[in-house]
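Here is my note on the model, in numbered points. Please read it with the structure open.

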Amino acid sequence: LPPIEGAIYNPFGEVKYLDGNTTFNNGVDIIPREEKEPVSIEKGMILKIEDKKTKGYYVTIKHENMTTVYGYLTKLYVKEGEEIAQGSKIGSLGTNKDGNKYLHFEIWVDGIPVNPLDYVRFEKKL
């Protein structure tokens, strides 16, 4: 189950910028296809909620074999310590400075970020 239907516009891994700088994206950034809200890819427990100010809320969910992170949320439907089912809505997406809504999504296994494309079926990249 994907966290949201949409297209990946910022891939996992090292990102190189025109000015020569590089960063590492621990997840993928997804532009939703429709006005949808992100959902839990598996049942789990809300481990942590962080307010990253301009980047919105980040919700960390502990699952049986992995941990997922949902970022760029403006409104939350969950709270820390809550058990949630697969497909539960996590929150709503805000609009960034470009006027787009998008979801930042990470999967961690054994404390290491892994490529979500290896675990979840997404639509093609933009």
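1. Buried means under 20% relative accessible area, exposed over 50%, and partly exposed in between, with a 1.4 Å probe and protein chains only. Asn10 has 18% relative accessibility, so Asn10 counts as buried.

2. This is a predicted model: local features need pLDDT of at least 70, side-chain atom pairs count only at pLDDT 80 or more, and totals for chains, interfaces and linings use all residues. Residues are numbered from 1 along each chain as its sequence is written, and side-chain values use heavy atoms, leaving out hydrogens and water.

3. Asn10 sits in strand S1, residues 6–10. Helices (H or I, at least four residues) and strands (E, at least two) are DSSP runs numbered from the N terminus.

4. What surrounds Asn10? Not counting residues up to four places away in sequence, Asn10 touches Val15, Asn25, Gly27, Val28 and Asp29. Contact means heavy atoms within 4.5 Å.

5. Now the whole chain. The protein chain has zero helices and eleven strands. Its C-alpha trace spans about 45 × 30 × 25 Å along the principal axes.

6. Buried residues make up 44% of the 126 residues in the protein chain. Among contacts between residues at least 6 apart in sequence, 57% join residues at least 24 apart.
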